[in-house]
Amino acid sequence: IDEEKSKQLNVKDFLSPEDDEKNYKVVTFRPCPKISTYIYAVCAGEYKEIRCQNTYNNIPMAFYCRESLMPYLKDQAEELFTAHIESIKYFEKFFNIPFPFEKVDGVFAPEYNFGAMENVGCIVYNDKLIFKDKVSFIRSSRRLHIFFHEIAHQWFGNLTTMKWWNGLWLNESFANVM
């Protein structure tokens, strides 16, 4: 976030006359590296945040979910942050390339059509991956597989992207094999 630039902007410039400016905040971001448009994410909603306290290589990490799921996410966050961290360590060693982006957040979106999507810096997960009850080893393992798969895409799919959609099978196959 470019704090200095954000201070120069007036929230009133972006609102209708009937909007209450106390309910809004203007945030600006540094320019991002060139990436494929299909791995760019915009998430909107009343999400609650939990930040990773013990990051790896100073890579910021946070998870976001609806308020009603936050008690469950708090109980599972350590395991899920560990999944992100251990996946990053593995792929850094495997590819001999450091994590290629500035952060890796996870947004648990309601009614999301897929298990997850590997956007740069913001992996969107189906919020069914926040478990409300005790689950089987298989279900828990499947969730970790999804996390590992999405982190794999940060290198193979995001850092390097197929030329056209007919190459998507290679991204997905590689992430599954990894």
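Which residues have the most contacts inside the largest nonpolar core? In this predicted model, they are Phe63, Leu73, Ile88, Val104, Phe108 and Tyr125. The core has 33 residues. A nonpolar core is a set of buried Ala, Val, Leu, Ile, Met, Phe, Trp, Tyr and Cys residues joined through side-chain atoms within 4.5 Å; buried means under 20% relative accessible area with a 1.4 Å probe, protein chains only. At least two core residues come from each of β2 (62-65), α2 (70-95), β5 (122-126) and α3 (137-155). Helix α2 gives the most, with 9 residues. A second, separate core holds 6 residues, among them Ala62, Tyr64, Ala109 and Cys122.

Val104 touches Ile59, Pro60, Met61, Ala62, His84, Ile88, Phe99, Gly121, Ile123 and Ile151 (heavy atoms within 4.5 Å), not counting residues up to four places away in sequence.

The protein has 4 helices and 5 strands. These are DSSP runs, H or I of at least four residues for helices and E of at least two for strands, numbered from the N terminus. Their pattern along the sequence is α-β-β-α-β-β-β-α-α. Of the 178 residues, 39% count as buried.

Mean pLDDT, the predictor's confidence in each residue from 0 to 100, is 88 for the protein. At least 70 is reached by 95% of the residues.

Residues are numbered from 1 along each chain as its sequence is written. Local features need pLDDT of at least 70, side-chain atom pairs count only at pLDDT 80 or more, and totals for chains, interfaces and linings use all residues, while side-chain values use heavy atoms, with hydrogens and water left out.

Methods:
Buried means under 20% relative accessible area, exposed over 50%, partly exposed in between (1.4 Å probe, protein chains only).
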